[in-house]
Amino acid sequence: MTNIIDFPILPSNKNIIGILGGGQLGKMIALSASRAGYKTHLYCPKGDNPAETVVSKTTHGEWNDFDKLVEFSNDVVCATSEFENIPSKSLELLSKKTMVIPSSIAFRCAQVRSKEKEMAVKSGFKTPKWYLIKNSDDLITASKSLGNKGVLKTNSLGYDGKGQVRINEGSNLFEVWEQIGSVECVLEEELNFKREISIMYFKSFNNSDGFFPISENYHKQGILNRTVAPAIVDSNMENDLRLKTKELSCNLNFYGILAIELFELLDGSILFNEIAPRPHNSFHWSMDGCDNSQFDILIRTICGLPVKDVKCNGKWEMTNIIGEEINNLEQIINNQDYILHLYNKKQLKPGRKMGHYNTKII
């Protein structure tokens, strides 16, 4: 990296924070940065980018447009990303020009499910049984090992239930392999779990760190529907999860904010699902439920400001507004206790997150 950064990074006309990706997470990162006094520079391809309306400057460019990426990097003191699927070559180029937080190591781990699971095991987590699938023969063999039940997931570029196919005894595995695109996959055992929870850890460049309260998540058709926080979790379990999460963070040399999705099985044991080295949907409740949201904490970590455990001001429920639900807000609006956050996306698609609302339960 060519830039040497003096921490903490304080608000000034020169200290501009770069944001990679123009979606709702990019928008909420920019809003938190603005409240803290920072200017922001957005890099993203042209399209339906809600973040463009709230940043100081926008550069439109593809992820493989290295000239524009260099131009962008020269204008920012550091850069963070709203999603983990930026091509590794682009991240490596940016890392040579400016500070990228989290580092490309964390992003590469999050981009590949097999590497992600191997890192989780190295850090002390248990994972579901899984097999790396490179061809239809691998799929047939692994399926037999799992009793002809499982979830086939692309090894990269999957999110919100995309890139996933469930298999059972009646599945034609050759058709399934073609359906998923004949690309490298992992086949995971099908779990009968009690609930999904997520934990969020954060670490600043001044080496202070902390956690948010654990969230409990509920999905519909592979997409997060609602989250309740803080989740009721045994204190010994929470301490164990914190230790393993810190170990994983250490193995990644991690700075920024890190969410980990976990399954709690019927017997109370915990299995690792996946990581997200960025703001996470299951912590959107923190925007109203905490003095510092996950977006506020991200800005503090990347600027080297001190951080500590975040406490919430009660029990909260976050509900996503997905697809056509954006056209039917009467029920939400009639309840004065909600706090509504709309993303102002121009294009409506089935399964697309259009906003969310937070409600204080207790």
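This is a predicted model: local features need pLDDT of at least 70, side-chain atom pairs count only at pLDDT 80 or more; totals for chains, interfaces and linings use all residues.
A strand here is a DSSP run of E with at least two residues, and a helix is a run of H or I with at least four. Both are numbered from the N terminus.

**Entry 1: a loop residue**

I found glutamine 221 in the loop between strand 12 (215-220) and strand 13. Its phi is positive, about 55°, although it is not a glycine. I noted that most residues other than glycine have a negative phi. Is glutamine 221 buried or exposed? Its relative accessibility is 82%, so glutamine 221 counts as exposed.

I then looked up asparagine 253. Asparagine 253 also has a positive phi, about 50°, and is not a glycine. I located asparagine 253 in the loop between helix 8 and strand 14.

**Entry 2: cis peptide bonds**

I checked omega next. Most peptide bonds are trans. The bond from phenylalanine 7 to proline 8 is cis, with omega near 0°. Proline 8 sits in the segment before strand 1. Alanine 229 and proline 230 are also joined by a cis peptide bond, and omega there is about -5°. I placed proline 230 in the loop between strand 13 (223-229) and helix 8 (235-251).

**Entry 3: the whole chain**

I stepped back to the protein chain. I counted 11 helices and 18 strands. Along the principal axes, the C-alpha atoms fill a box of roughly 60 × 50 × 45 Å. What radius of gyration would a compact globule with 362 residues have? It would be near 21 Å, and the protein chain has 20 Å, which agrees.

Buried residues make up 53% of the 362 residues. The accessible surface is about 16,800 Å², and 47% of that belongs to carbon and sulfur atoms.

**Entry 4: helix 10**

How many of the 9 residues of helix 10 are buried? I got 8, so I wrote helix 10 (residues 294-302) down as mostly covered, with buried meaning under 20% relative accessible area. Among the buried residues are Phe295, Ile297, Leu298 and Ile299. Gln294, Asp296 and Thr301 are on the buried list too. I looked for the cover. It includes strand 1 (17-20), helix 1 (24-35), strand 4 (78-81) and strand 10 (193-203). Strand 14 (256-265) and helix 9 (286-289) also take part in the cover.

I followed helix 4 to its partners. The axes of helix 3 (residues 88-97) and helix 4 come within 10 Å and cross at roughly 170°. Helix 3 and helix 4 are therefore roughly antiparallel. Ser88, Leu91, Glu92 and Ser95 of helix 3 meet Ser104, Phe107, Arg108 and Gln111 of helix 4. I sorted these residues into 2 nonpolar, 4 polar and 2 charged.

Helix 4 (residues 104-111) packs on helix 5 (residues 113-122) at about 110°, with the axes 5 Å apart. That angle makes helix 4 roughly perpendicular to helix 5. Helix 4 brings Cys109, Ala110 and Gln111 to the contact, and helix 5 brings Arg113, Lys115, Glu116 and Met119.

**Entry 5: a strand residue**

Last, I looked up threonine 359, in strand 18 (residues 353-360). Why does threonine 359 count as buried? Its relative accessibility is 16%, and buried means under 20%. Beyond its neighbours within four places in sequence, threonine 359 is in contact with Lys315, Trp316, Glu317, Asp337 and Tyr338.

Terms used: Residues are numbered from 1 along each chain as its sequence is written. Side-chain values use heavy atoms; hydrogens and water are left out. Axes are lines fitted to C-alpha atoms, for helices over the stretch in contact, and angles run from 0 to 180 degrees between N-to-C directions. Angles under 35 degrees count as roughly parallel, over 145 as roughly antiparallel, 65 to 115 as roughly perpendicular and the rest as oblique. Contact means heavy atoms within 4.5 Å. The radius of gyration is taken over C-alpha atoms; the globule rule is 2.2 Å times the number of residues to the power 0.38. Buried means under 20% relative accessible area, exposed over 50%, partly exposed in between (1.4 Å probe, protein chains only). Accessible areas come from the Shrake-Rupley method with a 1.4 Å probe; for residues, only the protein chains shown count as cover. Ala, Val, Leu, Ile, Met, Phe, Trp, Tyr, Cys and Pro count as nonpolar, Asp, Glu, Lys and Arg as charged, and the others, Gly among them, as polar.
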